[in-house]
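User: I would like to go through this model with you. Could we begin with how the helices pack?

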Amino acid sequence: MKHKISFSKQLKNIGSRILELSTPLGMIGLITVSIIVILAIIAPWVVPHDPFSMDATKRLTPPFWMDGGSSTYILGTDHVGRDLLSRLIYGSRVSLLVGLLSVLIAGIIGLFLGLLSGYFGGSWIDQSIMRVVDAMLAIPTLLLVLVAIVVFEPGLVTLILVIGLTSWAQYTRLVRGEVLSVKEREFVQSAKTLGASNTHIISKHILPNVLSSFIVVATIGIATAIMTESSLSFLGLGVQPPDITWGSMLNDGRNYIATSWWIATFPGLAITVTVLAITFLGDWLRDILDPKLKKGGDDDDE
Amino acid sequence: MKSDPKNVLLKVAGLKKHFPVQKKGNKKEQQVVKAVDGVSFHVRAGETLGIVGESGSGKSTVAKLIMQLLQPTEGEVVFQDKDIFNQTKKQRKQTQKRIQMVFQDPYASLNPRMTAKQIVTEPLRIHEKMSKEDLDKRALELLEEVGLGKHHLNRYPHQFSGGQRQRLSIARAIALKPNLIVCDEAVSALDVSIQAQILNLLKQLQKNYGIAFIFIAHGLPAVKHISDRIAIMYAGQIVEIADRDVLFTNPKHPYTKALLDAVPPSNPRHRKEKTLVKGEPPSLMSPTRGCPFVSRCPNATEGCHTNAPELLEHEVNHHYACHHPVQAPNNLENIGGRNS
């Protein structure tokens, strides 16, 4: 019971911290991302139309506020008469899934190798990990992903794996740098004089102190992964039809951009808004994850 | 605070630590910085040894060697009759339990993401298997021991003041009931008023638990209050070591005399004549044959340049390394900074 109380108290603390440290941009990010996530989860129950059903008679219907638009299709229809709004909502599922899972994969690899490399900085372990990282970072991710997609069969799982396995290097580099600075701090030295094991030092002293900057970069990594997914789907190498993604919707609209601008514009806007909101969220997370930071600045200079 | 003179807890013999440095653009020529160059002393159970020296004199390196954070180039550190650099992993862990350290900077030596409870119980979690209830109980005991209370248990370091943080460091250091605590400039980052409080706390703990201290500082006033014996370090060597009162009344080494004269008198009207040291300490890289202090010594003669004096016991319990020791005994009344 004692445990539960302290846990709910902690939750309350976090809640009050979020309110205390709210900034306009952070709130915009948080609310927007929450809406997108909720919509993605409840998509089957909220979409006004079946996103897959085609209706040739209704093709290229403009959004409702334009001439010829109808309130049945709020954002209009695409070249085969599918409802754009419903497709947008469904498309968010793939985007978020790819974003989250690929960053999870990349993050776990990056965090692990970064901790190892930084903690044993200068040793052969560090040297070999960093050379691989250098090689990975020298090749543009998109190019690497392209090659991998061509070799393996395109699809959702491939996409997640490939994006995840090609983007861990930046996390490794970031975490390594943070570890190098944290491990020289006196509290790590003091743990060493206590006779603490390497595992203890890494998990209790180093990891908690590098986690916040890692989370910030990982959040922005989700945005990047969504962009990569969209680019690949736009090129037809990502998620395959009939699965809906914003990237492939963009591709659909490409041929009609001069006459029916809405087909490409709305998925484009969706990508922009999501990426921007996640970036705002990431920036703001950095602030609330720092135990020292309070609204109105640092009360306790070092 | 007099203890059995035979009861030696820690013995340091001929300790040397040389750091290799690479000269820029000349990879073949390797030079060494002799940070610690042949240091010997001992600490008895329950006593306090003050080590005083200016920046770069090697005092912190000595502390790191005793804490096994560094490996020595030469020499040995014997703790409870065991050479600490020559032991199995299990023995090593036992030694680490018995020697603890308090660091200089209370802002850097505490993990900002741990609560006070987690900080003070960390040594227990590493070395002892204790139940959660026992740990909680012990955490409170430790905090109360250093003058903090129950309401501090779940606070983070940034919510404490500098003095309180140093109290936390001390609580962590005494958690395992060690025999020796090394305090590396433990009070120099604090306000003068807080310094006295922390020194009193350390004295109290020593009285209660018979802990021996090695108290490192860069000035004599801080160690005067707490030390039984004081060693003066200069350029990686000990130049004088004596009982506190002897050292303050009858300093033999010109450097000790200069350090004493540098302490401002408590009454500014009683200005005294000062011997001030001029110049810089010698480079620790260039090999010297003579006395390390020769370039700044007022008493130096030709012989001092070529012949390094040895640290010898010239009087009972009073070692110094000088060919031309200071003659006139210093009057205790004239020494300022008396805060005891």
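User: At what angle do helix α5 and helix α8 of chain A pack, and how far apart are their axes?

Analyst: Helix α5 (residues 124-138) and helix α8 (residues 168-182) of chain A pack at about 135°, with their axes 9 Å apart. Axes are lines fitted to C-alpha atoms, for helices over the stretch in contact, and angles run from 0 to 180 degrees between N-to-C directions. Helices (H or I, at least four residues) and strands (E, at least two) are DSSP runs, numbered from the N terminus. Residues are numbered from 1 along each chain as its sequence is written, while chains are lettered from A and ligands numbered from 1 in the order in which they are written. This is a predicted model, in which local features need pLDDT of at least 70 and side-chain atom pairs count only at pLDDT 80 or more, whereas totals for chains, interfaces and linings use all residues.

User: How are α5(A) and α8(A) oriented to each other, and in which hand does α5(A) pass α8(A)?

Analyst: α5(A) and α8(A) are therefore oblique to each other; angles under 35 degrees count as roughly parallel, over 145 as roughly antiparallel, 65 to 115 as roughly perpendicular and the rest as oblique. The crossing of α5(A) past α8(A) is left-handed, a term used if the near helix is turned anticlockwise from the far one by less than a right angle, and right-handed if clockwise.

User: Which residues make that contact?

Analyst: α5(A) contributes A:Ile129, A:Val133, A:Met136 and A:Leu137, and α8(A) contributes A:Ala169, A:Gln170, A:Thr172 and A:Arg173. Two residues are in contact if their C-beta atoms, placed from the backbone, lie within 7 Å. By class, the contact of α5(A) with α8(A) has 5 nonpolar, 2 polar and 1 charged residues. Here Ala, Val, Leu, Ile, Met, Phe, Trp, Tyr, Cys and Pro count as nonpolar, Asp, Glu, Lys and Arg as charged, and the others, Gly among them, as polar.

User: And α10 with α12 of chain A: what is the angle there?

Analyst: α10 (residues 198-234) and α12 (residues 262-289) of chain A pack at about 175°, with axes 8 Å apart. α10(A) and α12(A) are therefore roughly antiparallel to each other. Residues in this contact include A:Ile215, A:Ile222 and A:Met227 of α10(A), and A:Ile278, A:Leu285 and A:Arg286 of α12(A). The contact of α10(A) with α12(A) has 13 nonpolar, 6 polar and 1 charged residues.

User: What does chain A contain overall?

Analyst: Chain A has 12 helices and 2 strands. The C-alpha trace of chain A spans about 80 × 45 × 35 Å along its principal axes.

User: What about chain B, and which scores does the complex get?

Analyst: Chain B averages a pLDDT of 83, and 90% of the residues score at least 70. Residues 332-340 of chain B have a pLDDT below 50, and this stretch has 24 contacts beyond near neighbours in sequence. For the complex, the predictor gives an ipTM of 0.77 and a pTM of 0.76.

User: How many residues does each chain put into the contact between them?

Analyst: Chain B gives 21 residues and chain A gives 18. On the side of chain B that touches chain A, α2 (89-98) and α3 (116-127) of chain B each supply at least two residues. The largest share of that side, 4 residues, comes from α3(B). The residues on that side of chain B divide into 11 nonpolar, 5 polar and 5 charged.

User: Turning to the sheets, what is the strand order in the sheet of 4 strands of chain B?

Analyst: The order of this open sheet is β2-β1-β4-β5 (chain B), with antiparallel pairing; two strands pair if DSSP finds at least two bridges between them. β2 (30-44) and β5 (82-83) of chain B stand at the edges with a single partner strand each, so one side of each is left without a neighbour in the sheet. Strand β4 (residues 74-79) of chain B is joined to β5(B) by 2 bridges, and B:Phe79 stands opposite B:Lys82 in β5(B).

User: What lies across that sheet?

Analyst: Helix α1 (residues 59-66) of chain B lies across β1 (8-22), β2 and β4 of chain B, running at about 70° to β2(B).

Definitions and conventions. pLDDT is the predictor's confidence in each residue, from 0 to 100.
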